[in-house]
Amino acid sequence: MRIALGIEYDGTAYYGWQRQSEGPTVQSCVEVALSKVADRQVKVVCAGRTDTGVHATGQVVHFDTDAVRDLDGWRRGANTHLSPDIRVQWAHHVDESFHARFGAHMRHYRYIIYNHRTSSALLRNRVCWEFRRLDESSMIKAARCLVGEHDFTSFRAVACQAHSPVRNITDLELRRSGDFIYLDIKANAFLHHMVRCIAGVLITVGRGEQLPGWVGEVLAAKDRRLSGVNGPPAGLYLVAVSYPEQFRIPPANRLPSYD
């Protein structure tokens, strides 16, 4: 039996999604909780492996089990054994053709910038803080060249293990609301650090340190050394993953917004 779960988490206290020996991860906590519910070991596969400090409102995972529990039992049981900063939002039966990672045809991330002269005590682990006034018009202009299918070598981590640097960004929207700037980006898949690198490049343009056309030059160069510093992880959220309608995957929770 294969079950899909929708998971929301605050990534502040975790070394990212993927299980590792260095410290607590979201995956390891979810697997321990589900294994207690199933009374046997459970391993999960996720839609997108988020980094240390990155959050999610729409992570999707699947697991196989022969343990018989009703769907609400999986949800409530897992949450009983999870820290309050990780919540299973829904559980759904899927057939064995469903795959949380390889079956996804779109992933949606949101990056949030708090553009104010003083940082926020309450939002310190939820947003990227930038005290210099950002020119969102220049950032929007700069972002246009990233839409479409491109080689994103300049926007991937050095340690990225993806076989190909080519990705297709279908939508990239940037808007300001008061002191907050929201970057919403959708693609078939993302490279390691790709969204944070894009955010960092656009912030550089917003500060006036580079002209909008520089982003196209960085993209064309296919050289990670030219793109500068990544945006901090606290501003990044995996907000939705889309699958073929036949699987009837429930929608993700509301997008994080502070306006």
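1. In which sense, left-handed or right-handed, does helix 3 pass helix 4? In this predicted model, the crossing of helix 3 past helix 4 is right-handed. On the side of helix 3, the contact involves Ser138, Met139, Ala142 and Ala143, and on the side of helix 4 it involves Leu202, Ile203, Val205 and Gly206. Sorted by class, this contact comprises six nonpolar residues, two polar residues and no charged residues.

2. Two packed helices are described by the angle between their axes and the distance between the axes. For helix 3 (residues 136-143) and helix 4 (residues 194-206), the axes come within 8 Å and cross at roughly 135°. Helix 3 is therefore oblique to helix 4, because only angles over 145 degrees would count as roughly antiparallel.

3. The count of aromatic pairs comes to ten. In the pair formed by Trp129 and Phe131, the ring centres lie 5.9 Å apart and the planes stand at 45°, so this pair is tilted. Trp129 counts as partly exposed, with 39% relative accessibility; Phe131, at 47% relative accessibility, also counts as partly exposed.

4. How are the rings of Phe180 and Tyr182 arranged, and at what angle are their planes? Their planes are at 20° and their centres 6.3 Å apart, so the pair is stacked, since planes under 30 degrees apart count as stacked. Phe180 and Tyr182 are both buried.

5. Phe180 and Tyr182 also belong to a cluster: ring pairs link them with Tyr114 and Tyr258.

Methods
Residues numbered from 1 in each chain as written. Predicted model: local features only at pLDDT ≥ 70, side-chain atom pairs only at ≥ 80, totals over all residues. Heavy atoms only, no water. Axes fitted to C-alpha atoms, helices over the stretch in contact; angles between N-to-C directions. Helix = DSSP H or I, 4+ residues; strand = E, 2+ residues; numbered from the N terminus. Parallel < 35°, antiparallel > 145°, perpendicular 65-115°, else oblique. Left-handed = near helix turned anticlockwise from the far one by under 90°. Contact = heavy atoms within 4.5 Å. Nonpolar A, V, L, I, M, F, W, Y, C, P; charged D, E, K, R; others polar. Phe/Tyr/Trp six-rings, centres within 6.5 Å; stacked < 30°, edge-to-face > 60°. Buried < 20%, exposed > 50% of the residue type's maximum accessible area, 1.4 Å probe, protein only.
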